[in-house]
Amino acid sequence: MGSAVDLGNNNMGEFKHLVIVKFKEDVVVDDILKGLENLVAEIDAVKSFEWGQDLESQELLRQGFTHVFLMTFDKKEDYAVFQSHPKHQEFSAIFSTVIEKLVLLDFPPTLVKTPPKAAPPEAPPEAPPA
């Protein structure tokens, strides 16, 4: 039996790097976040970078993980450039010392639903005649 989802269908050509982490106690997370933001700003191969902190999940479901980081690359080869970049190598050495546990997934995304297009901005109302 075949799957209803074609896992090989990556029409966008993009490649994603997803990291979910639980930081060690007493880590200054803001310093790590600034370091990550500086890292992705310096490496052109990174198309986009976003991160978030869990605020809603129950501890049982979260299992101690608190932060997620997602990088998008135009193609898998750009991810390889990022992985081998000296700045990434340097930051990874620091990052690994502050992590208690992590989940890391690297994958070509399969787009199921496209985001809605933003509506054009409305023109300001005209002033009534005086």
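Which residues are linked with Glu14 in a network of salt bridges? The network joins Glu14, Lys16, Lys47 and Asp74. The points below set this network beside other features of the model.

1. Basis of the model. This is a predicted model, in which local features need pLDDT of at least 70, side-chain atom pairs count only at pLDDT 80 or more, and totals for chains, interfaces and linings use all residues. Residues are numbered from 1 along each chain as its sequence is written, and side-chain values use heavy atoms, with hydrogens and water left out.

2. Overall architecture. The protein chain contains 4 helices and 4 strands; these are DSSP runs, numbered from the N terminus, with at least four residues (H or I) for a helix and at least two (E) for a strand. Along the sequence they follow the pattern β-α-β-α-β-α-α-β. Of the 130 residues, 28% count as buried (buried means under 20% relative accessible area, exposed over 50%, and partly exposed in between, with a 1.4 Å probe and protein chains only). Among contacts between residues at least 6 apart in sequence, 80% join residues at least 24 apart; a contact means heavy atoms within 4.5 Å.

3. The whole structure holds 8 salt bridges, each defined as a side-chain nitrogen of Lys or Arg within 4 Å of a carboxyl oxygen of Asp or Glu. One of them joins Glu100 and Lys22, at 3.1 Å from N to O. Glu100 belongs to strand S4 (residues 99-107) and Lys22 to strand S1 (residues 15-23), so this pair ties together parts that are 78 residues apart in sequence. Glu100 is partly exposed at 45% relative accessible area, and Lys22 is partly exposed at 22%.

4. A salt bridge between helices. Glu42 and Lys87 also form a salt bridge, at 3.4 Å from N to O. Because Glu42 lies in helix H1 (residues 29-42) and Lys87 in helix H4 (residues 86-98), the pair ties together parts that are 45 residues apart in sequence. Glu42 is partly exposed, with a relative accessible area of 44%, and Lys87 is partly exposed, with 39%.

5. Packing of H1 and H4. Two packed helices are described by the angle between their axes and the distance between the axes. For H1 and H4 the angle is about 165 degrees and the axes are 11 Å apart; axes are lines fitted to C-alpha atoms over the stretch in contact, and angles run from 0 to 180 degrees between N-to-C directions. H1 is therefore roughly antiparallel to H4 (angles under 35 degrees count as roughly parallel, over 145 as roughly antiparallel, 65 to 115 as roughly perpendicular and the rest as oblique). The residues in contact include Leu36 and Leu39 of H1, and Phe91 and Phe95 of H4. Glu42 and Lys87 are also among the contacting residues.

6. A further salt bridge. Lys75 and Asp78 meet at 3.3 Å, N to O. Lys75 is partly exposed, with a relative accessible area of 39%, whereas Asp78 counts as buried at 15%.

7. Backbone points to check. Most residues other than glycine have a negative phi. Asp26, which is not a glycine, has a positive phi of about 65 degrees. Asp26 lies in the loop between S1 and H1, and at 78% relative accessibility Asp26 counts as exposed. Gln63 also has a positive phi, near 55 degrees, and lies in the loop between helix H2 (59-62) and strand S3 (67-73).
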